[in-house]
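Trainee: Can we go through this one together? I have the sequence and the coordinates open.
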Amino acid sequence: MKGLNVNEIDETKESMLMGSKRINLNYYPKCPNPELTVGVGRHSDVSTLKVLLQDDIGGLYVRNTETMKWIHVPPISGSLVINVGDALQIMSNGKYKSVEHRVVANGSSNRVSVPIFVNPRPSDVIGPLPEVVQSGEKLVYKNVLYKDYVMHFFRKAHDGKATVEFAKASF
């Protein structure tokens, strides 16, 4: 938060940053023809942050924003993967970028992962934090009701980072 000029987190900011949490338990069975299927399609998370515990099998890929190539994130025993989500991209006015990622199917082993999503509450309005744009920086994103943003995400198929366009400012 200090990188965004936020020196104090009051109750409102705390709610926007981490007002709700969700834990998923993901099981990906081994697939006899992994080239014919997708584990999870390309997307960025709608959350503020995601904390991911993955097993030793692997299968997580992130998109390099310069080359647009997929990079395997090899599992490191005992480590956690931290992803910036769309909500933090919006609140940072684009200074922090959410991570486009996907999961590929595995032909030799079952895979398990445990993502913990840290989100605003559904009733929170998210937008660029005042401290981020206090020096007159142009607004890249508008204020949106977080519940509406999440509903927009789930209305469409996995489509990379296209969901974040829903919150783009149009001034």
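Predicted model: local features only at pLDDT ≥ 70, side-chain atom pairs only at ≥ 80, totals over all residues.

Trainee: Why does His-152 count as buried?
Mentor: His-152 has 18% relative accessibility, and buried means under 20%, so His-152 counts as buried.

Trainee: What does His-152 touch?
Mentor: Leaving out residues up to four places away in sequence, His-152 touches Thr-163 and Phe-166.

Trainee: Back to E9. How does E1 pair with E9?
Mentor: E1, residues 20-23, runs antiparallel to E9, and four bridges join the two.

Trainee: What about E2 and E9, how many bridges?
Mentor: Three bridges, again antiparallel, with E2 spanning residues 26-28. Tyr-27 is opposite Val-112 of E9.

Trainee: And E4 with E9, how many bridges there?
Mentor: Six, in an antiparallel pairing, where E4 is residues 49-54. Val-51 stands opposite Ile-116 of E9, and Leu-52 has Pro-115 in E9 as its bridge partner.

Trainee: Which strand pairs with E4 over four bridges?
Mentor: That is E7, residues 81-84, in the antiparallel sense. Lys-50 has Asn-83 in E7 as its bridge partner.

Trainee: Which residues of E4 are on the covered face, and which on the uncovered one?
Mentor: Lys-50, Leu-52 and Gln-54 make up the covered face of E4, while Leu-49, Val-51 and Leu-53 make up the uncovered face. In a regular strand the side chains alternate between the two faces of the sheet.

Trainee: Different topic. What is the strand order in the open sheet of four strands?
Mentor: The order is E3-E8-E5-E6, and the pairing is antiparallel. E3 and E6 (70-72) are the edge strands, each pairing on one side only. From one strand to the next, the twist averages 20°.

Trainee: How many bridges between E3 and E8?
Mentor: Two, in the antiparallel sense, with E8 at residues 101-103. The bridge partner of Val-40 in E8 is Val-103.

Trainee: Where does Asn-64 lie?
Mentor: Asn-64 is in the loop between E5 (60-63) and E6. Apart from residues up to four places away in sequence, Asn-64 touches Lys-69 and Ile-71.

Trainee: Is Asn-64 buried, partly exposed or exposed?
Mentor: Partly exposed, because its relative accessibility is 23% and that class runs between 20% and 50%.

Trainee: How far is Asn-64 from Ile-116?
Mentor: Their C-alpha atoms are separated by 23 Å, and the two residues are 52 apart along the chain.

Trainee: Zooming out, how many helices and strands are in the protein chain?
Mentor: Three helices and eleven strands. Starting at the N terminus, the elements run α-β-β-β-β-β-β-β-α-β-β-β-β-α. The radius of gyration is 17 Å, close to the 16 Å that the globule rule gives for 171 residues, so the protein chain is as compact as a globular protein of that length.

Trainee: What box do the C-alpha atoms fill?
Mentor: Roughly 55 × 30 × 30 Å, taken along the principal axes.

Trainee: What share of residues is buried?
Mentor: Buried residues are 39% of the 171 in the protein chain. As for contacts between residues at least 6 apart in sequence, 76% join residues at least 24 apart.

Trainee: What feature does UniProt place at residues 12-120?
Mentor: The unreviewed UniProt entry gives "domain: Fe2OG dioxygenase" for that range. Over residues 12-120 the chain is 12% helix and 37% strand, and the end C-alpha atoms of that stretch are 10 Å apart.

Note on methods. Residues numbered from 1 in each chain as written. Heavy atoms only, no water. Pairing = 2+ DSSP bridges. Axes fitted to C-alpha atoms, helices over the stretch in contact; angles between N-to-C directions. Buried < 20%, exposed > 50% of the residue type's maximum accessible area, 1.4 Å probe, protein only. UniProt positions renumbered as here; feature names shortened; annotations may be inferred. Rg over C-alpha atoms; globule rule 2.2 N^0.38 Å. Contact = heavy atoms within 4.5 Å.
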